[in-house]
Amino acid sequence: ELKSLTSAEILEKVSDSAVPKAGSGVLKLLILAILAGAYIAFGAQASAMVSFNLVADASTFGLGKLISAVVFPVGLMMVVLCGAELFTGNMLMVTGLASKKIKLDGLVRNWVIVWLGNLVGSLIVVALIYWCGVGAMNGGAVGDAMVSVAVGKVTPDWLVLMAKGIMCNVMVCLAVWIGFSARTVVDKVLGTMLPISFFVAAGFEHCVANMFFLPTGLLMKSAGFGAAVANAGALDVTAILYNLSAATVGNIIGGVLVGLAYWFVYARNKAK
């Protein structure tokens, strides 16, 4: 009989997984990170496509968020099931550091390479989506919606974005945590889906997803879409970096909190 792992067993598995991540070759790590960035971008694009006209209308906003939340998790499912390196999920490597299985330089090295690789993968998909002419679909309404989404992500206060980033990666890391506990593909799919759906529906900020949403919005704006979107003038490269910095810091804090909380409960005395 297959049973899911206990929290203590998951912690051991998660901390052990940090060892090959910290010692992985640069090229291997970069390629897997590019794949993860692309996978998250795929999920982001799909979620935007199925909900763009619903979230734009106040009367169907909630329904649109629900539909988007159901579709978006396909990105993390591909990361977990196919194998790839995702910056936000790799915050759980802190358990390996706390358990003295890896060193700080190995952890930081992984995070930097994976963040950059995720960005490259996301931008590749951004370019492909733009070249496909997706923005012109439905009379240009899709392009308008993508500009609107991006503008909505660069206008809040930096600390607000960071707080949303914290809450986002608590959910992402719990999804990854559940994925480690699973013994079958079905377990992994259902286990990862629900926490990710929660953060999407709640409107939290995921730095890797934003590596897709924001450049896409900027490209759509440059192509003439979103002319009627309020504050569209605020969307530029500086605004993108503004959001990504806040979301990244928040994602780090949220993920580290999850990892250290479980380490403190189940492994602190063992480490001593």
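**Entry 1**

I use "buried" for under 20% relative accessible area, "exposed" for over 50% and "partly exposed" in between, with a 1.4 Å probe and protein chains only. The model is predicted: local features need pLDDT of at least 70 and side-chain atom pairs count only at pLDDT 80 or more, while totals for chains, interfaces and linings use all residues. Residues are numbered from 1 along each chain as its sequence is written, and side-chain values use heavy atoms, with hydrogens and water left out.

I then noted that glutamate 85 forms a salt bridge with lysine 21, with the closest N and O atoms 3.2 Å apart. Glutamate 85 lies in the loop between H4 and H5 and lysine 21 in helix H1, so the pair ties together parts that are 64 residues apart in sequence. Lysine 21 is also buried, at 16% relative accessibility. A salt bridge here is a side-chain nitrogen of Lys or Arg within 4 Å of a carboxyl oxygen of Asp or Glu. Helices (H or I, at least four residues) and strands (E, at least two) are DSSP runs, numbered from the N terminus.

**Entry 1: The salt bridge network**

I searched the whole structure and found 4 salt bridges. Glu12, Asp16 and Lys101 are linked in a network of them. Glutamate 12 meets lysine 101 at 3.2 Å, N to O. Glutamate 12 lies in helix H1 and lysine 101 in the loop between helix H5 (94-98) and H6, so this pair ties together parts that are 89 residues apart in sequence. Lysine 101 also meets aspartate 16, at 2.6 Å, N to O. I recorded glutamate 12 as partly exposed at 34%, lysine 101 as partly exposed at 29% and aspartate 16 as partly exposed at 37%.

I looked up the largest pocket, which holds about 700 Å³ of space. Of its 32 lining residues, the closest to the centre are Val55, Lys65, Val149, Lys153 and Phe213. H7 gives the largest share of the lining, 9 residues. The lining divides into 18 nonpolar, 9 polar and 5 charged residues. A pocket is an open set of points on a 1 Å grid over the protein atoms alone, where a 1.4 Å probe fits, with protein on both sides within 12 Å along at least five of seven lines; lining residues have an atom within 4 Å of a point.

The second largest pocket has a volume of about 510 Å³. Which residues lie nearest its centre? They are Lys21, Ala84, Glu85, Asn90 and Phe180, among 24 lining residues. Two of these names, Lys21 and Glu85, are the salt bridge partners of Entry 1.

I found a nonpolar patch on the surface, formed by Val120, Ile124, Leu128, Tyr130, Trp131 and Leu219, with about 570 Å² of accessible area together. Helix H6 (residues 104-131) gives the most to the patch, 5 residues. Tryptophan 131 counts as exposed, at 66% relative accessibility. Patch residues have over 30% relative accessible area and no salt bridge, and nonpolar side chains are joined within 5 Å.

Most residues other than glycine have a negative phi. Asparagine 138 has a positive phi, near 55°, and lies in the loop between H6 and H7. Asparagine 231 has a positive phi of about 65° and lies in the loop between H10 and helix H11 (237-266).

Conventions. Grid points are joined across faces, edges and corners, and a volume is the space filled by probe spheres set on the points. Ala, Val, Leu, Ile, Met, Phe, Trp, Tyr, Cys and Pro count as nonpolar, Asp, Glu, Lys and Arg as charged, and the others, Gly among them, as polar. Patches are made of residues with over 30% relative accessible area and no salt bridge: like charges are joined within 9 Å, nonpolar side chains (Val, Leu, Ile, Met, Phe, Trp, Tyr) within 5 Å. Accessible areas come from the Shrake-Rupley method with a 1.4 Å probe; for residues, only the protein chains shown count as cover.
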